[in-house]
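Here is a walk through one protein model, taken a step at a time. Keep the sequence and the 3D view open while reading.

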Amino acid sequence: MKIFSVFAIVGLIVLAALFMSRGFLNKRNIDEREKYWKKEIFANLKVGATKVQMEEFLKSRGENLHCYQNYSKEDMCDVTDKLSFGGTSSKPMKLAVIFKMKDDKMISYSFTTTLANQPQ
């Protein structure tokens, strides 16, 4: 009986580890996609790139640029990487690149994650 209990406990621990690792393993994809975008942006878009140049760059990679003003009335653009995935089954995440703009030119960019099921 003790052996059965030990196997049951070990089995539950293994199952719990597998479920918890799903989020960890999926984060690996987001990390890899961030490395990809850092390399691509560094090689192809410099600070001062125009909005048109950014749109062409992203379109050639199957992505679309979305532009808006944030809560501070700053001009921003973003792209959500269609090939990224992470999070968990109840909270799926995607990688997003946020571009800060001034006079229709990029002045900086950063990376974040966003809910995968948010409308674009």
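Begin with lysine 100, which is partly exposed because its relative accessible area is 29%, and a residue counts as partly exposed when this value lies between the buried limit of under 20% and the exposed limit of over 50%. The model is a predicted one. Lysine 100 has a partner: it forms a salt bridge with glutamate 74, and the closest N and O atoms of the two are 3.2 Å apart.

The protein has two helices and five strands. Read from the N terminus, these elements come in the order α-α-β-β-β-β-β. Of the 120 residues in the protein, 28% are buried.

Strand β1 covers residues 66-69 and strand β2 covers residues 75-80; the two run antiparallel and are joined by four bridges. Across this pairing, cysteine 67 stands opposite cysteine 77 in β2.

Now return to the charged pairs. Side chains of opposite charge can pair when their charged atoms come close. How many salt bridges does the structure hold? There are five salt bridges in the structure, and the bridge between lysine 100 and glutamate 74 has already been described.

Another salt bridge joins glutamate 40 and arginine 61, with an N to O distance of 2.8 Å. This pair links distant parts of the chain: glutamate 40 is in helix α1, arginine 61 is in the loop between α2 (51-59) and β1, and the two are 21 residues apart. Is glutamate 40 buried or exposed? Glutamate 40 is buried, because its relative accessible area is 16% and buried means under 20%. Arginine 61, at 27% relative accessibility, counts as partly exposed.

Lysine 35 is exposed, with a relative accessible area of 55%, whereas glutamate 32 is partly exposed at 42%.

Next, look at the surface. Glu55, Glu56, Asp75, Asp103 and Asp104 gather there in a patch of negative charge. Where does aspartate 103 lie? Aspartate 103 is in the loop between β4 (92-102) and β5 (105-115). Its relative accessibility is 66%, so aspartate 103 counts as exposed.

One more loop residue can be visited. Leucine 83 is found in the loop between β2 and β3 (86-87). At 56% relative accessibility, leucine 83 counts as exposed, because exposed means over 50%. Leucine 83 and glutamate 63 are 20 residues apart along the chain, and their C-alpha atoms are separated by 9.9 Å.

Conventions. Residues numbered from 1 in each chain as written. Predicted model: local features only at pLDDT ≥ 70, side-chain atom pairs only at ≥ 80, totals over all residues. Heavy atoms only, no water. Patch = residues over 30% accessible without salt bridge, like charges linked within 9 Å, V, L, I, M, F, W, Y side chains within 5 Å. Areas by Shrake-Rupley, 256 points an atom, 1.4 Å probe, with all protein chains shown as cover. Salt bridge = Lys/Arg side-chain N within 4 Å of Asp/Glu carboxyl O. Lys, Arg positive; Asp, Glu negative; His and termini not counted. Charge placed at Lys NZ, Arg CZ, Asp CG, Glu CD. Buried < 20%, exposed > 50% of the residue type's maximum accessible area, 1.4 Å probe, protein only. Pairing = 2+ DSSP bridges.
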